[in-house]
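Please look through the structure below with the points of this briefing in mind.

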Number of protein chains: 2
Amino acid sequence: VHPRNPLNIGAAARAMSNFGFSRLRLVGPYETAWREARSAVGAAALLEQAAVFDTLAAAVADCTLVVGTTSIGHRELHHPLRRLEYGGRLLRRHLAAGRAALVFGSEKFGLSNEDLAHCHWLLRIPTREAHGSMNLGQSVAVCLYELIRQARAATAPPKSPAPATAGEVERFTALLIELLAASGYTNPKTAASAARKVRRMVRRLNLPARDIETWLGILRQALWRTART
Amino acid sequence: VHPRNPLNIGAAARAMSNFGFSRLRLVGPYETAWREARSAVGAAALLEQAAVFDTLAAAVADCTLVVGTTSIGHRELHHPLRRLEYGGRLLRRHLAAGRAALVFGSEKFGLSNEDLAHCHWLLRIPTREAHGSMNLGQSVAVCLYELIRQARAATAPPKSPAPATAGEVERFTALLIELLAASGYTNPKTAASAARKVRRMVRRLNLPARDIETWLGILRQALWRTART
């Protein structure tokens, strides 16, 4: 609603494209800002299809849920206010069945009380109280990320590299122990206890299978050099 | 690392301030960009305390975890790659015990292979494959939001307005039925079934307690007018 900065219009469009949203609607954008935004690179297709309306009522007429955004603190609110984590869930659920509008105000003033009267409830990005107001383009990106965020991905097992087998690890260990002896790091008296310590240390490295041949090559080369001197 | 656009440096600093992060470190920023960013308004204190380094190695020297960011697709990766939802959890966990660096590359090229070699693993914001590359300032905002995001807030009960009592709802219903009769909307023959239908409709409104007196006033006024005509 009434965006003033062409960079912010472009940034909103880019975030929409990044996260797979396609319907951008502008309410009374500043003429020059809107013209400049359309001539900028990036997300051009989305900006070309963007629709411009005179009033918020017209822009959201076909939506069954209208959610406003606010950084609050600065005025008395007559609406239920939801944190993005929870409000995002409600929005996602609604989007499965019907059309919803997520409304952002102008950079300078946010949404007016008249705009807010068209909203069912309000969404708040959980920023610090001491510095609550976010940049418009960034707040669009954060809200849309929450909408496409997959809760299950947060608990997925890490994709660690496949570990080397015990046999491979042992070949590495044997070569390392041989190198320690050849280079004079260990002496025959302490060799046995040093070997146990080295074996434990190597186990803690979690050598990946894909690196094992490289590591063995490094050790063989060092051993060969050490034996020659 | 090597940011080129002062607006992006400023946007990164603003998002950090919004979400409560204070240690901004720049590696070889473009001179003019860095100068311009510091002279801009917003997040000034954070930019003043920002430290500048010549190399990434120096910038992350005191960190026990270094995580790079990438939009991938464009090169072979030698690192475990984690979606933001999961990687963010690992980062949060690490931050409870030690210092971690979240590294962003330049707007044009992202992180170089040399930069990536300093990273333990990589983070990916789950953007669309067809348009994966995000604006720098926006990607900083999205990553930091994930770090301060509260999973529990996503399942918090909605803060709906307190509902009116059954007695209040019934006073409203009675007045409405009276108005329907007075205005000729219902006639004595169908009044009983109309009343049942109206009662069910009113129940579905979920009238909030705080609005009930206003609604009753509206109905009383309409009844008074109707009775006069």
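Predicted model: local features only at pLDDT ≥ 70, side-chain atom pairs only at ≥ 80, totals over all residues.

**Chain A as a whole**

- Chain A contains ten helices and six strands, and its radius of gyration is 30 Å, well over the 17 Å that the globule rule gives for 229 residues, so chain A is more spread out than a compact globule.
- Along its principal axes, the C-alpha trace of chain A spans about 85 × 40 × 35 Å.
- Of the 229 residues in chain A, 43% are buried, a class that requires a relative accessible area under 20%.
- Among the contacts in chain A with a separation of 6 or more, 84% are accounted for by residues 24 or more positions apart.
- The accessible surface of chain A comes to about 12800 Å², and carbon and sulfur atoms hold 55% of that surface.

**The interface between chain A and chain B**

- The size of an interface is often given as the accessible area lost when the parts come together.
- For chain B and chain A, the area buried between them is about 3700 Å², with 49% of it on carbon and sulfur atoms.
- Within the area that chain B buries against chain A, Asn18(B), Gln138(B) and Tyr145(B) supply 17%, which is more than any other three residues.
- Counted by residues, 46 from chain B are in contact with 45 from chain A.
- Glu146(A), which has its place in helix H7 (residues 136-148) of chain A, touches residues of both chains: when residues up to four places away in sequence are not counted, its contacts are Leu84(A), Glu85(A), Gly88(A), Arg92(A), Tyr145(B) and Arg149(B).
- The relative accessibility of Glu146(A) is 1%, and Glu146(A) therefore counts as buried, given that the cut-off for this class is under 20%.

**Helix H9 in chain B and in chain A**

- In chain B, helix H9 (residues 191-203) has 13 residues and reaches 18 Å from its first C-alpha to its last, close to the 18 Å expected at 1.5 Å a residue.
- The buried residues of H9(B) are Ala194(B), Ala195(B), Val198(B) and Val202(B); seen down the axis of H9(B), they fall within an arc of 100°, so they line one face of the helix.
- These buried residues of H9(B) pack against helix H8 (166-182) of chain B, whereas Ala192(B), Arg196(B) and Lys197(B) are exposed on the other side of H9(B).
- In chain A, helix H9 (residues 191-203) likewise has 13 residues, and its reach of 18 Å from first C-alpha to last is close to the 18 Å expected at 1.5 Å a residue.
- Ala194(A), Ala195(A), Val198(A) and Val202(A) are buried in H9(A), and they cover an arc of only 100° around the axis, which puts them on the same side of H9(A).
- The cover over the buried residues of H9(A) includes helix H8 (166-182) of chain A.

**Residues at and around the chain starts**

- His2(B) is found in the segment before helix H1 (6-19) of chain B, and at 37% relative accessibility His2(B) counts as partly exposed.
- Leaving aside neighbours within four places in sequence, His2(B) is in contact with Val27(B), Gly28(B), Tyr30(B), Ser106(B) and Glu107(B).
- Between His2(B) and Ala33(B) there are 31 residues of separation in sequence and 9.9 Å in space, C-alpha to C-alpha.
- Val27(A) belongs to strand E1 (residues 25-27) of chain A and is buried, with a relative accessible area of 4%.
- Apart from residues up to four places away in sequence, Val27(A) touches Val1(A), His2(A), Pro3(A), Phe53(A), Asp54(A), Thr55(A), Leu56(A) and Ala59(A).
- Val27(A) and Val60(A) lie 33 residues apart in sequence and 10.0 Å apart in space, C-alpha to C-alpha.

- Asn206(A), located in the loop between H9 and helix H10 (212-228) of chain A, has a phi near 50°, a positive value in a residue other than glycine, and Asn206(A) is exposed, with a relative accessible area of 61%.
- Asn206(B), in the loop between H9 and helix H10 (212-228) of chain B, has a phi near 50°, again positive in a residue other than glycine, and Asn206(B) is exposed at a relative accessible area of 62%.

Note on methods: Residues numbered from 1 in each chain as written. Chains lettered and ligands numbered in written order. Heavy atoms only, no water. Helix = DSSP H or I, 4+ residues; strand = E, 2+ residues; numbered from the N terminus. Expected span 1.5 Å × (residues − 1). Buried < 20%, exposed > 50% of the residue type's maximum accessible area, 1.4 Å probe, protein only. Arc of directions from axis to C-beta. Contact = heavy atoms within 4.5 Å. Rg over C-alpha atoms; globule rule 2.2 N^0.38 Å. Areas by Shrake-Rupley, 256 points an atom, 1.4 Å probe, with all protein chains shown as cover. Buried area = accessible area lost by both parts, 1.4 Å probe.
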